[in-house]
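Here is a note for a colleague who is opening this structure for the first time. Please keep the model in view while reading the points.

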Amino acid sequence: MKLIVTGGAGFIGSNFVFYQRKHHPEDDIICLDALTYAGNLETLEPVMNDPKFKFVKGDIADRKLVYDLFEAEKPDYIVNFAAESHVDRSIENPEVFLRTNVMGTQVLLDACRKYGIKRYHQVSTDEVYGDLPLDRPDLYFTETTPIHTSSPYSASKAAADLLVLAYHRTFKLPVTVSRCSNNYGPYHFPEKLIPLMISRALADESLPVYGTGENIRDWLYVEDHCAAIDLILRKGTDGEVYNIGGHNERTNLEVVKTILRQLDKPESLITYVRDRPGHDMRYAIDPTKIHNELGWLPATKFDDGIRQTVEWYLSNRPWWEHILAGEYQNYYERMYAGR
Ligand code: NAD
Ligand code: TYD
């Protein structure tokens with residue numbers, strides 16, 4: 001079996017590549033990634049010389065490049081992680097979100113139609129459902145919760161989901177969609193809440209909490225997300241959406257304080273800053289469907305996962321220090337010069 005994993009040099013995509021190599025060593029993996037600011041080839045170093053792994057630098061919205069790749073490789077499965085993924089950046093500059101997340105998805109779907117595949121899987125987010133009020137802890141997102149987006153990021157992801165489902169209905173393309181809650185774990189880019197707070201706390205810098213810090217996210221350890229995608233890809237039903245989440249709801253303030261405790265740093269580092277415009281209050285996933293249909297359950301509790309994550313950042317300082325220094329962006333040129 002041959003998989004194309006798009007966005008495999010990013011946070012979840014790279015964890016998924018490692019998951020595949022570990023659990024399905026017989027499969028061939030091609031990582032297609034444009035290496036935007038969020039893509040880091042240093043992350044993929046452990047598999048770069050693996051004969052079952054190939055890295056291709058390219059943009060999912062580049063139709064010719066994508067068609068040539070499909071023609072040459074004839075993949076069985078596509079897992080699309082490639083996206084602009086940061087809400088704050090989508091507020092600054094929405095356009096690239098539409099180009100990659102919507103147009104890029106469409107190019108991949110067209111390639112799947114043209115060359116034929118066994119399954120296209122779209123990696124989506126619970127943010128397409130909008131948010132839940134803080135005073136209704138009984139409410140959860142299910143797969144039938146209406147799409148109701150808040151940010152240009154979530155709007156672009158929702159548009160992509162609808163396209164994927166339309167290609168199933170109209171063209172009978174074999175697709176699945178997963179909508180996951182917030183991930184955390186190794187190789188998380190240090191612009192997102194958890195790695196940002198770890199790296200700043202280690203430098204005794206102020207920790208910018210948006211608004212009052214009461215917003216709730218439903219945190220899932222990245223490896224549990226990878227296991228769920230793997231199950232859906234191989235055993236899910238065409239045309240279906242699966243929510244993925246592990247009932248690990250925490251306020252942002254709780255998350256930041258947990259990190260500070262673990263690093264033995266004072267809470268006085270916390271600084272309340274201007275809130276994010278349109279800031280979603282609460283995300284919470286009901287994962288009943290994937291549990292009942294595919295037997296998936298998260299393996300990692302938040303308390304264990306956050307401890308492992310902080311430890312990972314402590315023992316992998318060069319990885320995130322290169323990012324903060326911008327050095328990782330020269331890595332591709334260094335690695336590929338003269339090749
Ligand atoms: P990320 O920003 O860490 O990585 C994105 C990767 O996509 C990078 O390697 C980047 O270089 C690549 N990329 C961007 N534009 C591209 C393009 N035009 N062509 C090819 N490659 C391109 O993102 P992430 O956090 O790993 O998220 C991966 C996917 O999972 C996204 O689709 C995101 O919407 C979804 N998701 C993320 C979370 C989360 O908590 N991080 C939760 C649910 C769903
Ligand atoms: P983030 O990691 O950007 O993920 P998302 O917006 O997709 O949920 O943010 C998680 C939460 O943390 C969100 O409520 C915004 C908040 N946040 C801060 O309070 N300070 C920060 O510096 C960042 C990056 C996020």
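**Helix packing, cores and a buried loop residue**

1. Helices α10 and α11 are roughly perpendicular to each other, because angles of 65 to 115 degrees get that label. Their axes cross at roughly 75 degrees and come within 5 Å. Helix α11 covers residues 317–325. Axes here are lines fitted to C-alpha atoms, for helices over the stretch in contact, with angles from 0 to 180 degrees between N-to-C directions. Helices are DSSP runs of H or I with at least four residues, strands are runs of E with at least two, and both are numbered from the N terminus.

2. A word on the basis. This is a predicted model, where local features need pLDDT of at least 70 and side-chain atom pairs count only at pLDDT 80 or more, while totals for chains, interfaces and linings use all residues. Residues are numbered from 1 along each chain as written, chains are lettered from A and ligands numbered from 1 in written order, and side-chain values use heavy atoms, without hydrogens and water.

3. Which residues join α10 to α11? From α10 come W312, Y313, L314 and S315; they meet R317, W319 and W320 of α11. Contact means heavy atoms within 4.5 Å. By class, five residues of the contact of α10 with α11 are nonpolar, one is polar and one is charged. Nonpolar covers Ala, Val, Leu, Ile, Met, Phe, Trp, Tyr, Cys and Pro; charged covers Asp, Glu, Lys and Arg; the others, Gly among them, are polar.

4. Helix α6 (residues 193–202) also packs on α10 (residues 302–315). The two axes come within 11 Å and cross at roughly 50 degrees. That makes α6 oblique to α10, the label for angles that are neither under 35 (roughly parallel), nor over 145 (roughly antiparallel), nor 65 to 115 degrees. I194, P195, I198 and L202 of α6 meet I306, T309, V310, Y313 and L314 of α10. This contact of α6 with α10 holds eight nonpolar residues, one polar and no charged.

5. Helix α6 is mostly covered, with seven of its 10 residues buried. Buried means under 20% relative accessible area, exposed over 50%, and partly exposed in between (1.4 Å probe, protein chains only). Among the buried residues of α6 are M197, S199 and A201. The buried residues of α6 pack against β7, β8, α8, α10 and α11. Just after α6, D204 takes a positive phi of about 55 degrees.

6. Now α2 (residues 63–73) and α4 (residues 95–115). They pack at about 35 degrees, with axes 10 Å apart. The α2 side of the contact is R63, V66, Y67, F70 and E71. Residues from α4 include Q106, L108, D110 and Y115. The contact of α2 with α4 has eight nonpolar, one polar and four charged residues.

7. The largest nonpolar core has 36 residues. Such a core is a set of buried Ala, Val, Leu, Ile, Met, Phe, Trp, Tyr and Cys residues joined through side-chain atoms within 4.5 Å. L44, F53, F55 and I244 touch the most other members. Helix α7 gives this core its largest share, eight residues. Another core lies apart, with 31 residues, among them L32, L132, V164 and Y167.

8. Finally, T300. It is found in the loop between α9 and α10. Buried or exposed? T300 is buried, at a relative accessible area of 16%. Beyond four places in sequence, T300 touches Y221, D224, N248, G305 and Q308.
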